Amino acid sequence: MPREIHPGIHWIQEFGPDRPGIAKSLLDRGAHWYRPGREIHVPQNAFLFAGEQTLLFDTLSPAATDRILTDLEAVLDGRALDYLALSHPDVPHAGNTFRILERHPGAKLVAPGFGRTHELYHLEDAHKVGPGDSLDLGGKRLHFHDAAFLDAAMSMWMTEETSGMLLPVDWMGLPLMDGEGLLFADEFRSPVDEDRYAEFHGRVMFWLRYVDVARTQKEIDLVLETYRPRMIASAHGPVIRADVPHYFEMMKEVVERVATGGRTGVL
Amino acid sequence: MDRVGRERLAGLERGSGFVSTIQRARGPAASVPLTHDVSWIAENYPLGEGRNVHVSVFLIRAEEQNILIDSGSFYHRESLVRRISGVTAGEGIHSLILSHSDYPHSGNIPAFRRRWGDFEIVASSGEPEIQGLPYARRSRIGGSLEVAGRQIDFLDPPLADRSHTSWIYDRASRVLFVADGFGYHHAEDETGLTSRQLPDGFRSEEIYTFHRDTLIWLRYADPPVLMGVLREIFAEREVSWVAPIHGNPIAAEHLDDYLERLEAGVRRIVGEQAV
Ligand SMILES: [Fe+2]
Ligand SMILES: [Fe+2]
Ligand SMILES: [Fe+2]
Ligand SMILES: [Fe+2]
């Protein structure tokens, strides 16, 4: 079941399959937070913003079509879906786009405006947004941004004004153990620390292996300064609702660790 | 395989009728031979303002089987089906090795399987289900597999966007298929030309614009580290051709020239986008 993380903002999660390969590598390197025998999952998150109008940010993966359709129905509770926004057209984020639009034919598709290859994703008719663009849902106000840390070039981040929420998509995710679905970072009983973030980013942002550490860390400071987020809602991590700067410091550590230690694997 | 299963990858697909209405004019040759059994099936996508990008596939005609590298974009589906059928004398595909699941690389898998049967898919995803490929045979980055009788190595790609991307090295032909690496914004009349056929070789500007617009993370790159790892890949193995999905194939003798221009391009991106 979805979780309301701020009045009118709902968190929908695909917990994902057990990932014994990741568990084994955690065991092999003696990751301090990992308990032998526990399952490891890499979640996919989608978020529903409900003001006077509604917007869904991302669609979950094709393995979770039923989940997204069912959970969406539950949180909409009879209301219409007005917008479906895609952070980027990656299969695990966008793979249910047309299934959702089939179910909610009145919803307007919103996609990152970056680049000139929208036709190659069937996104030529989407409403394209980028830095400087906003959407007022009535009681919820969304702003679209360039993604600072990303995989696909055609990507965007989003902020929501009333909650102070930043949605950094593929950034700030981490692997979960069983029982850790839909928990705020401050509710975890196991540590949520830089080692855990590094395990994820050493896979998804393998390119951190090739970066200038100081410059990349400076960008993290800039993200914090620019958005001053009070909440973080990543597509692959726990939602953070307190002490955001502390987590940004961890992410600076992560850059250093992947740049010096290399990639941790694949996702 | 049930129909729903096949369609899962195609979450972003519409009916196939839609595709035919957007088919564009064809590139020149049906296929361009790189080695005696590897050929390039070049497709062009115009970006406007005189810039174009290839969204191609490659075909290995192994002993008795045909291996396709990537599936191309649904935008070029009809042309690809026609040309693959032509080049293989109607045999079609027996195996497909996927560099990564981004739609312009993976978008024709369901359609090709409907046409040529449920051929083998080899993909390097950590979790094929999540990538919409529940039926894929998994390759591991850093590992090797025998595919249709060929020894294939899967390399960790320094130039890529998605985490699960691998570069694909065919030991027999020594062709290195590099997915989103080594791309180029070519001029329209350079469509379908290899580095041996480009009248004036590669231009630095279009190597730069491709990387600036495609691999956004390069703005954070440490050029010596990145270029060092790249050059190591070519020091460790003999490469006859570098075969990019989004560029003009680079013959061994033109690789150093490309790498020099690439290094300059990366330095320019870093310089222009410094925090
Ligand atoms: Fe992604
Ligand atoms: Fe992701
Ligand atoms: Fe890609
Ligand atoms: Fe690509």
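Modeller: First, a definition. Donors are N, O and S atoms within 2.8 Å of the metal (3.2 Å for Na, K and Ca); water is not among the atoms, so sites may look incomplete. This is a predicted model: local features need pLDDT of at least 70, side-chain atom pairs count only at pLDDT 80 or more, and totals for chains, interfaces and linings use all residues. Residues are numbered from 1 along each chain as its sequence is written, chains are lettered from A and ligands numbered from 1 in the order in which they are written, and side-chain values use heavy atoms, with hydrogens and water left out.

Biologist: Which residues coordinate the iron ion (ligand 2)?

Modeller: His93(A) (NE2), Asp170(A) (OD) and His236(A) (NE2), at 2.0 to 2.1 Å. The spacing for ligand 2 is H-x76-D-x65-H.

Biologist: How do you know whether Asp170(A) is buried or exposed?

Modeller: Compare the value with the cut-offs. Buried means under 20% relative accessible area, exposed over 50%, partly exposed in between (1.4 Å probe, protein chains only). Asp170(A) has 4%, and therefore counts as buried. His236(A) also comes to 4%, so it is buried. Asp151(A) is buried too.

Biologist: Why is helix 5 of chain A called mostly covered?

Modeller: Count its residues: 10 of the 11 are buried. Among them are Tyr197(A), Phe200(A) and Val204(A). These buried residues pack against helix 1 (20–28), strand 13 and helix 7 of chain A.

Biologist: What makes helix 5 of chain A oblique to helix 7 of chain A?

Modeller: The axes of helix 5 (residues 194–204) and helix 7 (residues 244–261) of chain A come within 9 Å and cross at roughly 55°. Axes are lines fitted to C-alpha atoms, for helices over the stretch in contact, and angles run from 0 to 180 degrees between N-to-C directions. Under 35 degrees counts as roughly parallel, over 145 as roughly antiparallel, 65 to 115 as roughly perpendicular and the rest as oblique. The angle falls in that rest, so helix 5 of chain A is oblique to helix 7 of chain A.

Biologist: Which residues make the contact of helix 5 and helix 7 of chain A?

Modeller: Contact means heavy atoms within 4.5 Å. Helix 5 of chain A brings residues including Tyr197(A), Ala198(A) and His201(A), while helix 7 of chain A brings others including Met250(A), Val254(A) and Arg257(A).

Biologist: How do you know that helix 7 and helix 8 of chain B are roughly antiparallel?

Modeller: Helix 7 of chain B and helix 8 (residues 255–272) of chain B pack at about 160°, with axes 10 Å apart. The limit is over 145, so helix 7 and helix 8 of chain B are roughly antiparallel. Their meeting residues include Leu226(B) and Leu230(B) of helix 7 and Leu259(B) and Val266(B) of helix 8.

Biologist: Why is Leu218(B) called buried?

Modeller: Its relative accessible area is 0%, so Leu218(B) is buried. Leu218(B) lies in the loop between helix 6 (204–214) and helix 7 (223–236) of chain B. Leu218(B) touches Leu159(B), His211(B), Leu226(B), Val266(B), Ile269(B) and Val270(B), not counting residues up to four places away in sequence.

Biologist: What makes phi of Asp77(A) worth a remark?

Modeller: Most residues other than glycine have a negative phi. Phi of Asp77(A) is positive, near 50°. Asp77(A) sits in the loop between helix 2 (65–76) and strand 6 (83–85) of chain A. At 65% relative accessible area, Asp77(A) is exposed. Arg228(A) has a positive phi near 40°, and at 58% Arg228(A) counts as exposed.

Terms used. Helices (H or I, at least four residues) and strands (E, at least two) are DSSP runs, numbered from the N terminus.
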